Amino acid sequence: MRKFGKGERFWVFPTSRDKLTERIRDLHDGMGTSEKDIRARLDVLPETPYVSAVNFGSGWISFITSVPFTENEMAVACRFADVFGGAYARFKELKEKEDQNRELTIQNALERVRAQAQGMQVSDEIAGVSSMLFEEFQGLDYELSHSAIHLIDEENSVVEYWLASSTISRLDASMSKNPYRVPINKTRSDGTMDARARGEVHHSVEFSTQKTVENFYVNAWSVRRGTTKKKARENVRERLPRRDYLAVHRVFHTHGLIAFATSQRWADADLAIAKRFTDVFDSAYDRFQELKEKEDQNRELTIQNALE
């Protein structure tokens, strides 16, 4: 690393088989390589290894051999490094363009969700916002099982939420159109509310077997519909596809959270995108609250007129 930092063209150094073994294991463990494939790479290591490294500008290429490179061999290695350096420069150029296009796609999706939220005329239209958020997030190549906007009513100790999902709609179409109200204490078992109280940005829960995934849906169905676990399990098994893995990522906003359920493991970058969607809804919440207050006032006026 010091040689590269000094801008040297190439360098050679002896090392030990044990150090190389440790380094290779660290690299491949992080890549998820199987133990069988790691062993295959370790078995071909020389007993007295040398590392010949060639600088290509943005990094270096290392060659592991039983003897150090000769001058002619190093010259050939430099030619290969130059070719790779040119290819890597092209790769970076394409990656930058792809990142720019990806960012533009994300911004456009966020704007559509924001417009849907700010364009609400009645509070019930938040169901449309929930559906729009689900569709736009899926449009970014995320495989969502469902998403849900949760609003926490601390005063009444309940969580009100709107679901969006093609899978859920097969279970009960009303679940995507009407909000559900669940006591806050029903949501504490997986640590979500505790994580929010600690000021965390998000809280994720993984279900890694078919049984635990099914139990997640059974519990959710039972709480939402007020049915027995037995009846809920019958509905889930009849109407939902079997899954061996499910991750539920709950990203917090000022007034609650948005849940994203997916069959994919998310990296920090994925959660950061989910946070941007959550922030868009958070900024549009005032519109929802304004409509809700007007509707409550109108209802109260209707009641008073009826009483008169």
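**Close-up views of a predicted model**

**View 1. Helix 8 packs against helix 9 at an angle of about 120°.** In this predicted model, helix 8 covers residues 210-225 and helix 9 covers residues 229-239, and their axes lie 8 Å apart. Helix 8 is therefore oblique to helix 9. The two helices make a right-handed crossing. On the helix 8 side, the contact is formed by Glu214, Asn215, Tyr217, Val218, Asn219, Trp221 and Ser222. Helix 9 contributes Lys229, Lys231, Ala232, Arg233, Asn235, Val236 and Arg237. Sorted by class, the contact of helix 8 with helix 9 holds 5 nonpolar, 4 polar and 5 charged residues.

**View 2. Helix 4 packs against helix 10 at an angle of about 25°.** Helix 4 spans residues 71-118, helix 10 spans residues 268-307, and the axes are 9 Å apart. Angles under 35 degrees count as roughly parallel, so helix 4 and helix 10 are roughly parallel to each other. Helix 4 passes helix 10 in a crossing that is right-handed. Residues of helix 4 in the contact include Arg102, Glu103, Ile106, Leu110 and Val113. Among those of helix 10 are Ile273, Arg276, Phe277, Val280 and Arg287. The contact of helix 4 with helix 10 comprises 9 nonpolar, 3 polar and 5 charged residues.

**View 3. His253 sits in strand 8.** Strand 8 runs over residues 246-253. His253 has 5% relative accessibility and therefore counts as buried. Leaving aside residues up to four places away in sequence, His253 touches His150, Leu151, Arg196, Ile258, Thr278, Phe281 and Asp282.

How values were computed
Residues are numbered from 1 along each chain as its sequence is written. This is a predicted model: local features need pLDDT of at least 70, side-chain atom pairs count only at pLDDT 80 or more; totals for chains, interfaces and linings use all residues. Side-chain values use heavy atoms; hydrogens and water are left out. Axes are lines fitted to C-alpha atoms, for helices over the stretch in contact, and angles run from 0 to 180 degrees between N-to-C directions. Helices (H or I, at least four residues) and strands (E, at least two) are DSSP runs, numbered from the N terminus. Angles under 35 degrees count as roughly parallel, over 145 as roughly antiparallel, 65 to 115 as roughly perpendicular and the rest as oblique. A crossing is left-handed if the near helix is turned anticlockwise from the far one by less than a right angle, and right-handed if clockwise. Contact means heavy atoms within 4.5 Å. Ala, Val, Leu, Ile, Met, Phe, Trp, Tyr, Cys and Pro count as nonpolar, Asp, Glu, Lys and Arg as charged, and the others, Gly among them, as polar. Buried means under 20% relative accessible area, exposed over 50%, partly exposed in between (1.4 Å probe, protein chains only).
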